[in-house]
Amino acid sequence: MDGKFRYGGTGRLAFAASLGLLAWFARDVRRQSNGKQPIGSVIAADALIGVSFVLALAWAAAVGWNGTAALVYPIVSTLILYLVFGWFSVSVLAYLSKIIPFLWWAFRFRSKEQKKGAVLLSDMVPQRRLTIELWIYAAGVGLLMAGNLLASSAVALTGSAIMAASAAIYMAELAKAFRY
C-alpha cells in the first residue's frame, strides 16, 4: 500500500472519530438534559449524526481493507450524495422548521401588546407533517444513493423525484408560518 492510501486512511479515521465524538456528545447532552428532548423534524437531523458516523467508519475500514476498491467512483459518489443531499440538506431543512417560525414570530409580534394575544410558536407550523415529509425526503435520498451505487438511472430518478416533491411540499408547509 503506498503512502497515498495510508495518509488518506488516517484522515478518514480521524473524520470517523470526530463524527463518533459528535454522536456521543449529542447523546450525552440529551441524556443529561432536564429540558425537552428533540421533537419533530429535528429528530431526523439528530438521527443522521449516528448514520454519518457508521458510514464514515465503514468507509475508513473499507479503505484499510482494500483501498483501491473503496475508492471507485460509484462508492465515492454515493457517499458524496449522502453527505450533500442526506446529512447536510436534511439537517438544514430540519432546523429551518425551527428557525423560520421563531424569526417570523419575533418580527411579527414585536411589542408587548402584540405578544399578549400572539399565536404559539408550536402552532405556526405542522411539526408532525414536516417530520413525515422530511423522512420521505430522506427515503428519496436512499433511493438516489441505491440507484447511483447500482448504476440504475430509473431508481436514481425515482429517488430524485421523491426528494424534489417532498422538499417542495416541506417548504410550502413551512411557508404557512407567514400567515400569522
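Contacts between residues 24 or more positions apart make up 72% of the contacts in the protein chain with a separation of 6 or more. The model is predicted. The protein chain holds seven helices and zero strands. From the N terminus on, its elements read α-α-α-α-α-α-α. Of the 180 residues in the protein chain, 34% are buried.

Start with the core. In soluble globular proteins, nonpolar side chains tend to be buried together. Here the largest nonpolar core has 31 residues. Trp87, Val90, Leu134, Tyr170 and Leu174 have the most contacts inside it. Five helices each supply at least two residues of this core: α1 (3-32), α2 (42-65), α4 (73-108), α6 (127-149) and α7 (153-175). Helix α4 gives the most, with seven residues.

Leaving aside residues up to four places away in sequence, Tyr170 touches Ser41, Leu93, Ala94, Ser97, Leu130, Glu133 and Leu134. Leu134, like Tyr170, is among the core residues with the most contacts inside the core.

Now turn to the helix pairs. Two packed helices are described by the angle between their axes and the distance between the axes. Take α2 and α4. They pack at an angle of about 160°, and their axes are 9 Å apart. An angle over 145 degrees counts as roughly antiparallel, so α2 and α4 are roughly antiparallel to each other. Their crossing is left-handed. On the α2 side, the contact is made by Val42, Ala44, Ala45, Leu48, Ile49, Val51, Ser52, Leu55 and Trp59. On the α4 side, Ile75, Val76, Leu79, Tyr82, Gly86, Trp87, Val90, Ser91, Ala94, Tyr95 and Lys98 take part. By class, this contact of α2 with α4 has 16 nonpolar, three polar and one charged residues.

Valine 51 lies in helix α2 and belongs to the contact with α4. Valine 51 is partly exposed, with a relative accessible area of 37%. Its C-alpha atom is separated by 10.0 Å from that of glycine 86, 35 residues apart along the chain. Alanine 47 is partly exposed, at a relative accessible area of 36%. The C-alpha atoms of alanine 47 and alanine 23 are separated by 9.0 Å, and these residues are 24 apart along the chain.

Helix α4 also meets α7. The axes of α4 and α7 come within 10 Å and cross at roughly 15°. Angles under 35 degrees count as roughly parallel, so α4 and α7 are roughly parallel to each other. Helix α4 passes α7 in a left-handed crossing. From α4, the contact draws on Phe85, Leu93, Ala94, Leu96, Ser97, Ile100 and Pro101. From α7, it draws on Met163, Tyr170, Met171 and Leu174. By class, the contact of α4 with α7 has 10 nonpolar, one polar and no charged residues.

Finally, look at the loop between α6 and α7, where alanine 151 is found. Alanine 151 has a positive phi of about 60°, although it is not a glycine. Is alanine 151 buried or exposed? The threshold for exposed is over 50% relative accessible area. Alanine 151 reaches 70% relative accessibility, so it counts as exposed.

How values were computed: Residues numbered from 1 in each chain as written. Predicted model: local features only at pLDDT ≥ 70, side-chain atom pairs only at ≥ 80, totals over all residues. Heavy atoms only, no water. Core = buried A, V, L, I, M, F, W, Y, C linked by side-chain atoms within 4.5 Å. Buried < 20%, exposed > 50% of the residue type's maximum accessible area, 1.4 Å probe, protein only. Helix = DSSP H or I, 4+ residues; strand = E, 2+ residues; numbered from the N terminus. Contact = heavy atoms within 4.5 Å. Axes fitted to C-alpha atoms, helices over the stretch in contact; angles between N-to-C directions. Parallel < 35°, antiparallel > 145°, perpendicular 65-115°, else oblique. Left-handed = near helix turned anticlockwise from the far one by under 90°. Nonpolar A, V, L, I, M, F, W, Y, C, P; charged D, E, K, R; others polar.
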